[in-house]
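This report walks through one protein model for a reader who has not seen it before. Please look over the sequence and the fold before reading on.

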Amino acid sequence: MKKTTNQVIFVAGLLLVWEALALLKFWPPYVFPTPKGVAESLWAGFADHSIWIGIAMSLRRVALGYAISVVLGVLLGILLTWSQFLEDTVGSLVLSLQSLPSLCWLPMAVLWFGLTEKAIIFVVVMGTLLAVTQNTKAGFDNVPRILTMAGRNLGAKGPQLFRYVLVPASLPYLVDGLRQGWAFAWRSLIQGEMIFVTIGLGQLLMVGRDLNDINQVFAVMILIAALGYAVDGILFRKLEKSVRHKWGMSTAK
């Protein structure tokens with residue numbers, strides 16, 4: 001309750017500062033909008049369904065790209081854990097490529113897939129895959145050795161050891177990887193949609209720029225941030241809290 005109150009007070013204060021800066025007119029209205037103007041732009045976007053359509057298209061793309069990234073990232077992380085050769089070779093490549101911004105994959109996506117939706121999904125996958133891979137591997141690497149030894153002493157071998165010991169013990173790292181991967185996926189998606197002429201929130205952002213409509217630019221930016229925060233809060237924070245609570249109870253026992 002206290003956290004919610006603090007957040008409401010903070011947002012209210014932020015809006016007051018924003019309104020005050022707009023009224024002082026340090027910048028012209030076409031450069032720095034008022035909260036009212038941004039709210040009206042949001043209302044208009046919802047009224048003509050352009051924002052609803054943009055949200056639906058963006059969420060569909062990010063869900064597909066993120067799902068592919070999670071499957072491939074977890075599998076690659078497992079392979080890097082179990083094979084020293086792959087860790088020494090592919091693992092080094094993963095570390096190197098992780099430093100690349102998502103935008104670096106756009107030229108390759110255009111050359112391979114053209115200006116299509118497949119190119120956007122490719123950018124999302126490449127922007128997410130490596131983060132999930134690294135956190136999956138870190139999770140298995142940080143499993144306490146005593147747990148592995150205990151599992152083997154109890155007769156767990158191969159798939160059983162992996163399923164009943166390694167996966168549960170590495171869950172906190174896996175959830176961190178999924179959460180971090182979601183953040184990368186969302187950013188990569190918006191970047192891809194800003195480049196390609198296709199329906200989505202990124203495209204609405206660029207339309208606002210092309211029309212010199214700063215209200216729409218601010219409105220879409222706020223919407224993008226709010227959706228990212230909502231998914232993180234509703235899904236990943238609760239999942240992370242649940243996993244850490246259960247893991248803490250199991251280790252305590």
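**Overall fold**

The model is predicted. Its protein chain has 10 helices and zero strands, and the order along the sequence is α-α-α-α-α-α-α-α-α-α. The chain has 253 residues, of which 37% count as buried. Its accessible surface comes to about 15100 Å², and carbon and sulfur atoms hold 71% of that surface. Among contacts in the chain with a separation of 6 or more, 70% join residues 24 or more positions apart.

With 23 residues at 1.5 Å a residue, H1 should span 33 Å, and its end C-alpha atoms are 33 Å apart, which agrees.

In soluble globular proteins, nonpolar side chains tend to be buried together. Here the largest nonpolar core has 36 residues, and Trp186, Leu189 and Leu201 are those with the most contacts inside it. Two or more residues come from each of helix H1 (2–24), helix H2 (35–47), helix H3 (50–82), helix H5 (106–113), helix H6 (117–141), helix H8 (159–195), helix H9 (201–210) and helix H10 (214–252). H10 gives the most to this core, with eight residues.

Which residues does Leu189 contact, leaving aside its neighbours within four places in sequence? They are Ser58, Arg61, Val62, Ile120 and Val124.

Ser58 belongs to helix H3. Ser58 has a relative accessible area of 0%, so it is buried. Not counting residues up to four places away in sequence, Ser58 touches Trp186, Leu189, Glu193, Gly200 and Leu201. Three of these names were met above as the residues with the most contacts inside the core: Trp186, Leu189 and Leu201. A polar atom of the Ser58 side chain also lies 3.0 Å from the backbone nitrogen of Leu201.

Thr136 is in helix H6. Is Thr136 buried or exposed? Its relative accessibility is 2%, and because buried means under 20%, Thr136 counts as buried. Leaving out residues up to four places away in sequence, Thr136 touches Gly73, Val74, Gly77, Ile78 and Leu174.

**A residue at the end of H4**

Leu97 is found in helix H4, which covers residues 84–97. Leu97 is partly exposed, at 26% relative accessibility. Beyond residues up to four places away in sequence, Leu97 touches Trp105 and Leu130. Leu97 and Met126 are 29 residues apart in sequence, while their C-alpha atoms are 9.4 Å apart in space.

**Aromatic pairs**

A search of the whole structure finds 10 aromatic pairs. A pair of aromatic rings is described by the distance of the centres and the angle of the planes.

| Pair | Centre to centre | Angle between planes | Kind |
|---|---|---|---|
| Trp112 and Phe113 | 6.4 Å | 75° | edge-to-face |
| Phe113 and Phe122 | 5.5 Å | 45° | tilted |

Trp112 is exposed at 57% relative accessible area, Phe113 is partly exposed at 33%, and Phe122 is buried at 14%. Elsewhere in the search, ring pairs link Trp18, Trp27, Phe32 and Phe218 into a cluster.

**Positive phi angles**

His49 has a positive phi of about 70° although it is not a glycine. His49 sits in the loop between H2 and H3 and is partly exposed, with a relative accessible area of 48%. Asn212, also not a glycine, has a positive phi of about 55°. Asn212 is in the loop between H9 and H10. With a relative accessible area of 66%, Asn212 is exposed.

Note on methods. Residues are numbered from 1 along each chain as its sequence is written. This is a predicted model: local features need pLDDT of at least 70, side-chain atom pairs count only at pLDDT 80 or more; totals for chains, interfaces and linings use all residues. Side-chain values use heavy atoms; hydrogens and water are left out. A nonpolar core is a set of buried Ala, Val, Leu, Ile, Met, Phe, Trp, Tyr and Cys residues joined through side-chain atoms within 4.5 Å. Buried means under 20% relative accessible area, exposed over 50%, partly exposed in between (1.4 Å probe, protein chains only). Helices (H or I, at least four residues) and strands (E, at least two) are DSSP runs, numbered from the N terminus. Contact means heavy atoms within 4.5 Å. Rings of Phe, Tyr and Trp (its six-membered ring) pair if their centres lie within 6.5 Å; planes under 30 degrees apart count as stacked, over 60 as edge-to-face and the rest as tilted. Accessible areas come from the Shrake-Rupley method with a 1.4 Å probe; for residues, only the protein chains shown count as cover. A polar contact is a pair of N or O atoms within 3.5 Å; within protein, one must be able to donate a hydrogen and the other to accept it, and residues adjacent in sequence count only if both atoms are side-chain atoms. The expected span of a helix is 1.5 Å times one less than its number of residues.
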